[in-house]
Amino acid sequence: MESYRSLITNQREFFRTNQTKEIAFRLNALKKLRSAVKLYEKDFITALNDDLNKSEFEAYSTEIGIILEELRFTISKLRSWVKPERVKTPITHIGSTSYVYSEPYGTTLIISPWNYPFQLAAAPLIGAISAGNCAIIKPSELTPQTSQVFAKMIQEIFPENYITVIQGGAETSQALLQEEFGKIFFTGSVPVGKTVMEAAAQHLTPVTLELGGKSPCIIHEDANLKLAAKRIAWGKFTNAGQTCIAPDYLYIHKRVKDHFLALLREAIQEMYEGHSMTRIVNEKHFDRLTSFMEQGDIFLGGKSNREMLSIEPTVLTSVTWDDRIMADEIFGPILPVLEYTALDDLIVGIRNHPNPLALYLFTSSTRIQNELLESISFGGGCINDTIYHFANPHLPFGGVGTSGIGAYHGKSSFDVFSHKKSVLKQTTLFDIPFRYPHVKNALSKIKLFL
Ligand code: NAD
């Protein structure tokens, strides 16, 4: 196994020069990254097309555009985020003032997945830079072209002892995880997330884990069905369903099921027929996904091409919780449909399974919105939409339970890469005596004072 010790030692030494902490240095690095992303835009679009057959529209709207916006937001806000935050001080501490300093962890490790290979490597990096850290990024080996462009771009703009990309698969990742970092940020599957946390525990390194799970999409009988169909067709089949927060399955009220499915068919056909679809990442995932089609009834789609690694948007009906497709995250363009009549049964059905990363609810009833928000724990989500919460920098993005630990985007990215150092600044002008045990009647005085 290769050792990365000397690289990490060099990064640690560079970090100790304190340069990365200067606000001007951080802003300069973010601006350099922004210019480089613009310069490499065409290369990324080509690479994403080679790796996943992503269209230019998807490559820009779900990867490059999101990162440029995140950079713009971070650059405009960073000066206010880095300031020590003055907090209140209780009367018992009279004479002193209190502050929270955001302090970088030092050397950080970012491990990213293949489904949005540019965006999910770059977004945590923005957090690491803005908080004043050094970083090593290990992008996915399953999208080699994009990872290569990313590595080249980073090498061109940053010295290795500040930020660098190490390419490779699970073994490379494990070799990196042997080393001691100040922070590890991982995006990927639940089983690998556990491996990462186990490795981090050896050094007591804090982790942020952005994982996955089965995200329900509920359509209640009072929903605006036409709009729901359009927004679900988009959220599910963008990137061929290979989105961590894509609706994994539909839960439809029995009374509107047939009507809704007819509208969903129309929406899918209108959006995707005749357009090239992102492909499935590899044969292993293709075979896993196509095996799901043996279950339930195919309501729509169902065609696939192993050579092209393409699968049509597919909707499966007559599915139950006992079917294999309902055991794990689907992560592909297959949408199973469950139905319900009583909201309580739906709540029990979802609660009996691990906490979803996302939940989507289509209803016009505030009472039902509140009831579901109060009874189901999930990472984040939308009412009457899908996916859109992801792109609001004011909403922290992350999971809960098995769908993840910690959240990022916008200021939260700065926060997850910062240790919050609490400092009390005491006056030397006077000294309240009650805390000292030798003072006369100390106990009764301190009881009165506290
Ligand atoms: P993965 O867990 O297989 O791989 C992620 C990264 O970990 C890759 O860089 C890979 O090289 C590395 N890796 C793989 N095996 C490893 C091991 N044994 N030890 C150490 N490192 C290892 O995930 P993936 O297939 O690339 O991505 C799909 C998963 O990621 C899905 O479960 C999806 O839900 C999740 N995901 C989550 C988010 C989120 O933001 N929460 C975003 C995208 C994807």
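Trainee: What should I know about the model before reading values from it?
Mentor: It is a predicted model, where local features need pLDDT of at least 70, side-chain atom pairs count only at pLDDT 80 or more, and totals for chains, interfaces and linings use all residues. Residues are numbered from 1 along each chain as its sequence is written, and side-chain values use heavy atoms, with hydrogens and water left out.

Trainee: Which feature does UniProt place at residues 8-423?
Mentor: Over that stretch the chain is 42% helix and 20% strand. Helices (H or I, at least four residues) and strands (E, at least two) are DSSP runs, numbered from the N terminus. UniProt positions follow the numbering used here, feature names are shortened, and annotations may be inferred rather than shown by experiment. The unreviewed entry gives "domain: Aldehyde dehydrogenase".

Trainee: How many salt bridges does the structure hold?
Mentor: Side chains of opposite charge can pair when their charged atoms come close. A salt bridge here is a side-chain nitrogen of Lys or Arg within 4 Å of a carboxyl oxygen of Asp or Glu. The count for the structure is 14.

Trainee: Glu 339 forms a salt bridge with Lys 257; how far apart in sequence are the parts that the pair ties together?
Mentor: The closest N and O atoms of Glu 339 and Lys 257 are 3.0 Å apart. Glu 339 lies in strand E14 (residues 334-340) and Lys 257 in helix H10 (residues 257-272), so the parts tied together are apart in sequence by 82 residues.

Trainee: Is Lys 257 buried or exposed?
Mentor: Buried means under 20% relative accessible area, exposed over 50%, and partly exposed in between (1.4 Å probe, protein chains only). Lys 257 has 16%, so the class is buried.

Trainee: What separates Arg 367 and Glu 371 in helix H13?
Mentor: Their side chains meet in a salt bridge at 3.4 Å, N to O. Arg 367 is exposed at 58%, while Glu 371 is partly exposed at 26%. The two sit four residues apart in helix H13 (residues 366-375), so the separation is about one helical turn.

Trainee: How much area do domain 1 and domain 2 bury between them?
Mentor: An automatic or database domain assignment supplies the bounds: domain 1 is 5-211 + 403-423 and domain 2 is 216-398. The size of an interface is often given as the accessible area lost when the parts come together. Buried area is that loss (1.4 Å probe), summed over both parts. For this pair, 55% lies on carbon and sulfur atoms, and the area is about 2,100 Å².

Trainee: How many residue pairs are in polar contact between domain 1 and domain 2?
Mentor: Salt bridges between the two domains number zero. A polar contact is a pair of N or O atoms within 3.5 Å; within protein, one must be able to donate a hydrogen and the other to accept it, and residues adjacent in sequence count only if both atoms are side-chain atoms. With both residues at pLDDT 80 or more, the count is 13.

Trainee: Which side chain makes a polar contact with the side chain of Thr 363?
Mentor: Thr 363 sits in the loop between strand E15 (358-362) and H13, and is buried at 1% relative accessible area. Its side chain also reaches the backbone nitrogen of Ser 365 at 3.0 Å. The side-chain partner, at 2.7 Å, is Asp 222.

Methods: Buried area is the accessible area (1.4 Å probe) that two parts lose on being put together, summed over both.
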